[in-house]
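Reader: I'm new to this one. Can you put it up and take me through it?

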Amino acid sequence: MSTPEAAVLALSEAVKFESDGRDFYLQAVERVANPLAKAVFQALAEDELDHIRRVREIYEELKSQAGWPDSTAMVARASGVEDAFARAARDLDRHVAPDADALEALEKAAEMERKGLGFYRDRLAQATCDAEAEFYRRLVAEEEVHLRTIEKALEDLR
(Lines give C-alpha, C1' and ligand atoms only; values in the text may rest on other atoms or scores of the structure.)
Protein backbone atom coordinates (compact mmCIF):
# COMPACT_ATOMS: atom_id res chain seq x y z
CA MET A 1 0.00 0.00 0.00
CA SER A 2 1.38 3.40 -0.86
CA THR A 3 1.96 6.02 1.80
CA PRO A 4 -1.09 8.19 0.93
CA GLU A 5 -3.33 5.11 0.97
CA ALA A 6 -1.92 4.04 4.34
CA ALA A 7 -2.45 7.54 5.73
CA VAL A 8 -6.06 7.64 4.49
CA LEU A 9 -6.73 4.21 6.01
CA ALA A 10 -5.18 5.27 9.34
CA LEU A 11 -7.28 8.44 9.41
CA SER A 12 -10.40 6.42 8.66
CA GLU A 13 -9.57 4.21 11.64
CA ALA A 14 -8.94 7.31 13.76
CA VAL A 15 -12.38 8.75 12.90
CA LYS A 16 -14.00 5.47 13.94
CA PHE A 17 -11.98 5.32 17.14
CA GLU A 18 -12.80 8.92 18.08
CA SER A 19 -16.49 8.46 17.19
CA ASP A 20 -16.73 5.30 19.28
CA GLY A 21 -15.05 7.15 22.16
CA ARG A 22 -17.47 10.06 21.90
CA ASP A 23 -20.45 7.69 21.86
CA PHE A 24 -19.11 5.93 24.96
CA TYR A 25 -18.55 9.23 26.80
CA LEU A 26 -22.06 10.48 25.97
CA GLN A 27 -23.55 7.19 27.19
CA ALA A 28 -21.47 7.47 30.36
CA VAL A 29 -22.81 10.99 31.01
CA GLU A 30 -26.32 9.51 31.02
CA ARG A 31 -25.40 6.43 33.03
CA VAL A 32 -23.31 7.70 35.93
CA ALA A 33 -24.69 9.55 38.93
CA ASN A 34 -21.45 11.00 40.24
CA PRO A 35 -21.15 14.71 39.28
CA LEU A 36 -17.35 14.59 38.91
CA ALA A 37 -17.52 11.64 36.52
CA LYS A 38 -20.36 13.32 34.58
CA ALA A 39 -18.29 16.50 34.15
CA VAL A 40 -15.24 14.56 32.98
CA PHE A 41 -17.25 12.50 30.48
CA GLN A 42 -19.03 15.57 29.09
CA ALA A 43 -15.73 17.39 28.55
CA LEU A 44 -14.17 14.30 26.95
CA ALA A 45 -17.13 13.98 24.57
CA GLU A 46 -16.68 17.61 23.49
CA ASP A 47 -12.94 17.08 22.91
CA GLU A 48 -13.61 13.95 20.86
CA LEU A 49 -15.98 15.92 18.63
CA ASP A 50 -13.13 18.33 17.90
CA HIS A 51 -10.79 15.41 17.16
CA ILE A 52 -13.34 13.91 14.76
CA ARG A 53 -13.67 17.22 12.92
CA ARG A 54 -9.92 17.69 12.52
CA VAL A 55 -9.25 14.10 11.50
CA ARG A 56 -12.08 14.21 8.93
CA GLU A 57 -10.77 17.46 7.44
CA ILE A 58 -7.34 15.98 6.89
CA TYR A 59 -8.84 12.68 5.69
CA GLU A 60 -10.84 14.52 3.02
CA GLU A 61 -7.82 16.57 1.94
CA LEU A 62 -5.61 13.48 1.66
CA LYS A 63 -8.25 11.70 -0.42
CA SER A 64 -8.42 14.60 -2.86
CA GLN A 65 -4.72 15.47 -3.12
CA ALA A 66 -1.38 13.74 -2.95
CA GLY A 67 -0.05 15.10 0.33
CA TRP A 68 -0.75 16.32 3.79
CA PRO A 69 -2.49 19.71 4.11
CA ASP A 70 -0.92 22.73 5.70
CA SER A 71 -1.21 23.07 9.44
CA THR A 72 -4.54 24.94 9.55
CA ALA A 73 -6.66 21.82 10.04
CA MET A 74 -4.31 20.61 12.72
CA VAL A 75 -4.79 23.54 15.06
CA ALA A 76 -6.65 22.35 18.11
CA ARG A 77 -8.96 24.40 20.21
CA ALA A 78 -7.89 24.41 23.82
CA SER A 79 -9.03 21.27 25.58
CA GLY A 80 -11.53 21.89 28.33
CA VAL A 81 -11.05 18.51 29.98
CA GLU A 82 -8.66 19.58 32.72
CA ASP A 83 -10.64 22.75 33.47
CA ALA A 84 -13.90 20.80 33.64
CA PHE A 85 -12.31 18.32 36.00
CA ALA A 86 -10.93 21.07 38.25
CA ARG A 87 -14.31 22.85 38.39
CA ALA A 88 -16.22 19.65 39.14
CA ALA A 89 -13.72 18.53 41.77
CA ARG A 90 -13.89 21.93 43.47
CA ASP A 91 -17.69 21.92 43.46
CA LEU A 92 -18.07 18.26 44.34
CA ASP A 93 -19.91 17.50 47.50
CA ARG A 94 -17.42 15.22 49.24
CA HIS A 95 -20.36 13.38 50.78
CA VAL A 96 -21.42 12.04 47.39
CA ALA A 97 -20.19 8.48 47.25
CA PRO A 98 -18.63 7.16 44.06
CA ASP A 99 -20.97 4.84 42.26
CA ALA A 100 -19.83 1.56 40.76
CA ASP A 101 -21.00 2.72 37.31
CA ALA A 102 -18.75 5.79 37.49
CA LEU A 103 -15.68 3.80 38.50
CA GLU A 104 -16.35 1.14 35.87
CA ALA A 105 -16.93 3.73 33.15
CA LEU A 106 -13.77 5.65 34.09
CA GLU A 107 -11.74 2.43 33.99
CA LYS A 108 -13.13 1.68 30.53
CA ALA A 109 -12.40 5.26 29.45
CA ALA A 110 -8.79 4.92 30.62
CA GLU A 111 -8.47 1.71 28.64
CA MET A 112 -9.85 3.41 25.52
CA GLU A 113 -7.51 6.38 25.89
CA ARG A 114 -4.50 4.06 26.29
CA LYS A 115 -5.52 2.29 23.10
CA GLY A 116 -5.81 5.62 21.29
CA LEU A 117 -2.43 6.72 22.59
CA GLY A 118 -0.87 3.53 21.28
CA PHE A 119 -2.47 4.00 17.87
CA TYR A 120 -1.39 7.64 17.57
CA ARG A 121 2.13 6.92 18.82
CA ASP A 122 2.45 4.17 16.20
CA ARG A 123 1.25 6.55 13.49
CA LEU A 124 3.69 9.21 14.72
CA ALA A 125 6.55 6.71 14.43
CA GLN A 126 5.46 5.96 10.83
CA ALA A 127 4.99 9.59 9.78
CA THR A 128 6.49 10.37 6.39
CA CYS A 129 6.44 14.17 6.57
CA ASP A 130 6.61 16.96 9.11
CA ALA A 131 2.90 17.82 8.83
CA GLU A 132 1.86 14.24 9.51
CA ALA A 133 4.27 13.97 12.45
CA GLU A 134 2.97 17.24 13.93
CA PHE A 135 -0.63 16.13 13.57
CA TYR A 136 -0.02 12.89 15.44
CA ARG A 137 2.20 14.60 18.00
CA ARG A 138 -0.70 16.92 18.85
CA LEU A 139 -3.16 14.05 19.09
CA VAL A 140 -0.78 12.15 21.39
CA ALA A 141 -0.50 15.20 23.64
CA GLU A 142 -4.28 15.63 23.77
CA GLU A 143 -4.90 11.95 24.50
CA GLU A 144 -2.29 12.13 27.28
CA VAL A 145 -4.30 14.97 28.86
CA HIS A 146 -7.44 12.86 28.60
CA LEU A 147 -5.75 9.88 30.25
CA ARG A 148 -4.27 11.97 33.08
CA THR A 149 -7.67 13.54 33.75
CA ILE A 150 -9.40 10.16 33.85
CA GLU A 151 -6.72 8.75 36.15
CA LYS A 152 -7.07 11.77 38.46
CA ALA A 153 -10.84 11.31 38.56
CA LEU A 154 -10.39 7.64 39.44
CA GLU A 155 -7.96 8.58 42.18
CA ASP A 156 -10.36 11.17 43.62
CA LEU A 157 -13.34 8.81 43.53
CA ARG A 158 -11.64 5.85 45.20
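Reader: What is the nearest side chain of opposite charge to Glu 113, and how far away is it?
Author: This is a predicted model. In it, the nearest side chain of opposite charge to Glu 113 is Arg 114, 9.8 Å away. Glu 113 is buried and has no salt bridge.

Reader: Where is Glu 113 placed?
Author: Glu 113 is in helix H4.

Reader: What joins the side chains of Glu 113 and His 146?
Author: A polar contact of 3.4 Å.

Reader: And Arg 114, what does that form a salt bridge with?
Author: With Glu 151, where the closest N and O atoms are 3.3 Å apart. Arg 114 lies in helix H4 and Glu 151 in helix H5, so the pair ties together parts 37 residues apart in sequence. Arg 114 is partly exposed at 43% relative accessible area, and Glu 151 is partly exposed at 33%.

Reader: How many salt bridges are there in the whole structure?
Author: The search finds 15. One of them joins the side chains of Arg 54 and Glu 142, at 2.5 Å from N to O. Arg 54 lies in helix H2 (residues 35–64) and Glu 142 in helix H5 (residues 130–157), so this pair ties together parts 88 residues apart in sequence.

Reader: Is Arg 54 buried or exposed?
Author: Buried, with a relative accessible area of 0%. Glu 142 is buried as well, at 16%.

Reader: Which residues are linked with Arg 54 in a network of salt bridges?
Author: Asp 50, Arg 53, Glu 57 and Glu 142 are linked with Arg 54 in that network.

Reader: Change of topic. How many cavities of 30 Å³ or more are there?
Author: The count comes to one. The largest cavity holds about 40 Å³ of space.

Reader: Which residues line the largest cavity?
Author: Phe 17, Gly 21, Tyr 25, Glu 48, Met 112, Glu 113 and Glu 143. So Glu 113 comes up again, because a lining residue has an atom within 4 Å of a cavity point. H1 gives the largest share of this lining, three residues. By class, the lining has three nonpolar, one polar and three charged residues.

Reader: And how much space lies in the largest pocket?
Author: About 150 Å³. Its lining includes Glu 13, Lys 16, Phe 17 and Phe 119. Helix H1 (3–31) and helix H4 (100–125) each supply at least two residues of that lining, and H1 gives the most, with five.

Reader: How does the pocket lining divide by class?
Author: The residues lining the largest pocket are three nonpolar, two polar and four charged.

Key:
Residues are numbered from 1 along each chain as its sequence is written. This is a predicted model: local features need pLDDT of at least 70, side-chain atom pairs count only at pLDDT 80 or more; totals for chains, interfaces and linings use all residues. Side-chain values use heavy atoms; hydrogens and water are left out. On a 1 Å grid over the protein atoms alone, a cavity is a set of points where a 1.4 Å probe fits but cannot get out, and a pocket is an open set with protein on both sides within 12 Å along at least five of seven lines; lining residues have an atom within 4 Å of a point. Grid points are joined across faces, edges and corners, and a volume is the space filled by probe spheres set on the points. Helices (H or I, at least four residues) and strands (E, at least two) are DSSP runs, numbered from the N terminus. Ala, Val, Leu, Ile, Met, Phe, Trp, Tyr, Cys and Pro count as nonpolar, Asp, Glu, Lys and Arg as charged, and the others, Gly among them, as polar. Buried means under 20% relative accessible area, exposed over 50%, partly exposed in between (1.4 Å probe, protein chains only). Lys and Arg count as positive and Asp and Glu as negative; His and the chain ends are not counted. A salt bridge is a side-chain nitrogen of Lys or Arg within 4 Å of a carboxyl oxygen of Asp or Glu. A polar contact is a pair of N or O atoms within 3.5 Å; within protein, one must be able to donate a hydrogen and the other to accept it, and residues adjacent in sequence count only if both atoms are side-chain atoms.
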